[in-house]
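Reader: I would like to learn how to read helix packing and nonpolar cores in a model. Could you walk me through an example?

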Amino acid sequence: MNTDQLLQRIESKRDEVTALTQELVRIPTVNPPGDAYEACARFLGERLAKRGFAVQYIRAKGAPGDSDAYPRTNVVARYEGSHKGECVHFNSHIDVVEAGSGWTFEPFGGQIQDGKIYGRGSCDMKGGLASSVIACEALIESLGSGVALHGALEISGTVDEESGGYSGVGYLAERGYFSKPKVHHVIIPEPLGVDRICLGHRGVYWAEVETKGRIAHGSMPFLGDSAINHMSAFIHLLETQLGPKLALRRTQEPVEPVGARVSTLNINSVHGGQVVQRYAVDARGWPTADLPAPTVAHSCKAVLDRRFIAEEQLDDVKREILDMLQELQRTRPGFDFNIKEIMSFVPTATPTDAPVVAATAIAIARVLGREPSYISSPGTYDQKHIVRSGHLRDVIAYGPGILDLAHQPDEYVGIQELVDSAKVMALAALRLSAGTAGDLH
Ligand SMILES: [Zn+2]
């Protein structure tokens, strides 16, 4: 099979992949709240339908975040090859985080400077989405001229990855969209870099801890019992006892950055006592907004974000936090608490000899002339749903862009990277769909 022409064809689509990335960046799919999802899904679906894909729009009705004002609309497009084979699925999230401040470029402008496309989502991950679209389109255009597609190609644009993916890949995976026999291999074009293959991610356990107190007048705090003081005792233990232990637990997985090759804990938020108000006084010293009423806090809530490594068990992760709370209950007068799990996912790691890893590695060597590096992600991404709900193990993240730029001002993706990764994706897809590991060149 002659793949030189396929690679040349992708090379000639440099302007096309650039334009497609720009067009996607200009659709401001900001999450939260989930703006313009429908518009972005339709834009993608209509383009792929014109190229022979069967297109489905799947709204996650009633799922988290879904409303008529902000419909959680996903798009899944499938192109059937003429031979029997396996399906390669490219999954990209279409949502982006808010622009934030500090931009010198227009956040949703898609401006180009020095070979880079700037804009929110250019790197994470509309550039990767554009590369996968161009890769598949070039493959389809090459059919008949030395290239045969076995199996099928799928491209999906899914919502809400930035907020857990429950209405996106999570919703679809529960309904069989990421399972055999429909799909066999998944590449998620997150911005990990053109020569890096991301095998999986650390585990995550989110929990809300509430400490309880007794309300009283704030001028006589001794008549009450402050939930905030109780929370501070708990946080003190987290910092002085748990923190040092976690820092000693090192993983063998190639997590990048290296600092994340240990267990970590972040206190995501703390809220105690009265709700936050805007307190202000005018020039006379008179309040211009609501004043706080003096009370002893009867409740304080903290959200914990615990990331754990492959060498740890989720049950142990949970128990060690519960043990500390129970210890305080025994030793600290008046200490009472509630703990509620918000979310948990175990670590996942696709083996380096899995088909999707092997095919992508061969393609990287061919296109870039160097061996890939294998990495693992400190945070989770949609792979967690594909593994857990789809029961599919042959999944990686691979795509253009520099991960550190994600969610930053002046986020960009390099045009050369878009082209290179499109070539890698096309070669990998061709190999995987044929169900062969090594005989294509
Ligand atoms: Zn992303």
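Author: Gladly! Two packed helices are described by the angle between their axes and the distance between the axes. In this predicted model, helix α2 (residues 14-25) packs against helix α4 (residues 122-142) at an angle of about 135 degrees, and their axes are 9 Å apart. That angle makes α2 oblique to α4, because the oblique class takes in what lies between 115 and 145 degrees.

Reader: What is the handedness of the crossing of α2 and α4, and which residues meet there?

Author: The crossing is right-handed. From α2 come E16, V17, L20, T21, L24 and V25, and they meet S122, K126, G127, L129, A130, S131, V133 and I134 of α4. Sorted by class, the residues of this contact are 8 nonpolar, 4 polar and 2 charged.

Reader: Let me try another pair. At what angle do α6 and α7 pack, and how far apart are their axes?

Author: Helix α6 (residues 227-248) and helix α7 (residues 314-331) pack at about 130 degrees, with 11 Å between their axes. This makes α6 oblique to α7, and their crossing is right-handed. On the α6 side the contact involves A233, F234, L237, Q241 and L242, while α7 supplies E320, M324, L325 and L328. The classes here are 7 nonpolar, 1 polar and 1 charged.

Reader: Now for the cores. Which residues of the largest nonpolar core touch the most other members?

Author: That core has 92 residues, and those touching the most other members are A135, L139, I396, A426 and A429. Helix α10 (residues 415-434) gives the core its largest share, 13 residues. Take L139 as a case: leaving out residues up to four places away in sequence, L139 touches L6, V147, L149, L153, A426, A429 and L430. There is also a second, separate core of 10 residues, with M231, L265, V296 and A297 among them.

Reader: And for a single residue, how should I read burial? Where does R78 sit, and how many other C-beta atoms lie within 10 Å of R78?

Author: R78 lies in strand β2 (residues 73-80). R78 has 19 other C-beta atoms within 10 Å, so R78 is partly exposed; a buried residue would need 20 or more.

Reader: Which residues does R78 contact beyond its neighbours in sequence?

Author: Setting aside neighbours within four places in sequence, R78 is in contact with F53, A54, A152 and E154. As for distance, the C-alpha atoms of R78 and T158 are separated by 14 Å, with the two residues 80 apart along the chain.

Terms used
Residues numbered from 1 in each chain as written. Predicted model: local features only at pLDDT ≥ 70, side-chain atom pairs only at ≥ 80, totals over all residues. Axes fitted to C-alpha atoms, helices over the stretch in contact; angles between N-to-C directions. Helix = DSSP H or I, 4+ residues; strand = E, 2+ residues; numbered from the N terminus. Parallel < 35°, antiparallel > 145°, perpendicular 65-115°, else oblique. Left-handed = near helix turned anticlockwise from the far one by under 90°. Contact = placed C-beta atoms within 7 Å. Nonpolar A, V, L, I, M, F, W, Y, C, P; charged D, E, K, R; others polar. Core = buried A, V, L, I, M, F, W, Y, C linked by C-beta atoms within 7 Å. Buried ≥ 20, exposed ≤ 12 C-beta atoms within 10 Å, placed from the backbone.
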